[in-house]
Amino acid sequence: MVIPEKALAPLFEQAHEINVKLLADGDDDPYPLILLEADKSSLEFLGQVLIAVARDDEHCGFQFGPHHAGSAHFSRQSQFGLYLHRLPCTHEMGPDDADQ
Ligand SMILES: [Zn+2]
């Protein structure tokens, strides 16, 4: 996966505190929610990242996470990173192949 450095580099200069967590009412909850929690600045950052990925002409995906590149933007409590994938896909690999 190639990071769209040009569009996102200025956004990544400041660290953020995004928390991505599973909200489930017990292990058997059939309708769990994903919590995206952050302060105003970090939510605005996330919105800008979404727009940058939507407008990126070269890449259809972008990932960052607490244990991946971009870890400075996640809180220590974050259970998940994010894989943003714009459709239609412009390469052969999909989100399931992100680690390859
Ligand atoms: Zn793709």
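**Exercise 1.** Determine how the span of helix H2 compares with the expected span.

*Solution.* Helices (DSSP runs of H or I, at least four residues) are numbered from the N terminus. Helix H2 comprises residues 40–55, which is 16 residues.

The model is a predicted one, in which local features need pLDDT of at least 70 and side-chain atom pairs count only at pLDDT 80 or more, whereas totals for chains, interfaces and linings use all residues. Residues are numbered from 1 along each chain as its sequence is written.

**Exercise 2.** Which residues of H2 are buried, and where do they lie around the axis?

*Solution.* A residue is buried if 20 or more other C-beta atoms lie within 10 Å of its own, exposed if 12 or fewer, and partly exposed in between, with C-beta atoms placed from the backbone. In H2, Ser42, Phe45, Val49 and Val53 are buried. They cover an arc of only 75° (taken from the directions from the helix axis to the C-beta atoms), so they lie on the same side of H2. The face turned away from this buried side carries the exposed residues Lys40, Gly47, Ile51, Ala54 and Arg55.

**Exercise 3.** Classify Leu8 as buried, partly exposed or exposed.

*Solution.* Leu8 belongs to helix H1, residues 5–8. Leu8 counts as partly exposed because it has 17 C-beta neighbours inside 10 Å. Leu8 and Ala52, 44 residues apart in sequence, are 6.7 Å apart in space, C-alpha to C-alpha.

Definitions and conventions: Helices (H or I, at least four residues) and strands (E, at least two) are DSSP runs, numbered from the N terminus. The expected span of a helix is 1.5 Å times one less than its number of residues.
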